[in-house]
Amino acid sequence: HRLGSVTYENFPWSLMMACITLGCLYIDFGQEENGSLITDLENTFAVSSIGGLASVALVWRTTLAWNRYWGACHSVSFMYSKWTDCYAQLVSFTNYPLDGLEDD
């Protein structure tokens, strides 16, 4: 089981939707003597609604991904600054002269 990847979780659904789409296309092109089912639609509200919902979902997912990317960039920048602080403290600790610390 692969964790962290949505590809393996969504592959069966994507395959099922591809088969349904191909089946609908086969049915639509199989009726050419009577005319196409898609071009005989008088009201295309349903198709337009699905297209609108798909575009909203695509923009929403893209916005989430974009915000997650820049959040990760901010976290990497913060981590780099903390590592730089640690390095500066380590260098200042190792360069401190030990001559003044001896007891008389």
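Visitor: Is Cys 73 buried, partly exposed or exposed?
Guide: This is a predicted model, in which local features need pLDDT of at least 70, side-chain atom pairs count only at pLDDT 80 or more, and totals for chains, interfaces and linings use all residues. Residues are numbered from 1 along each chain as its sequence is written, and side-chain values use heavy atoms, with hydrogens and water left out. Buried means under 20% relative accessible area and exposed over 50%, with partly exposed in between (1.4 Å probe, protein chains only). Cys 73 has 27% relative accessibility, so Cys 73 counts as partly exposed.

Visitor: How many disulfides does the structure hold?
Guide: A disulfide is a covalent bond between the sulfur atoms of two cysteines. The criterion applied here is a pair of cysteine sulfur atoms within 2.5 Å. The number of disulfides in the structure is 0.

Visitor: How are the rings of Trp 66 and Trp 70 arranged?
Guide: Rings of Phe, Tyr and Trp (its six-membered ring) pair if their centres lie within 6.5 Å, and planes under 30 degrees apart count as stacked, over 60 as edge-to-face and the rest as tilted. A search of the whole structure finds 3 aromatic pairs. In the pair of Trp 66 and Trp 70, the centres are 5.8 Å apart and the planes stand at 75 degrees, so the arrangement is edge-to-face.

Visitor: Which residues do ring pairs link into a cluster with Trp 70?
Guide: Tyr 69 and Trp 70 also form an edge-to-face pair, at 5.1 Å centre to centre with 75 degrees between the planes. The cluster linked by ring pairs joins Trp 70 with Trp 66 and Tyr 69.
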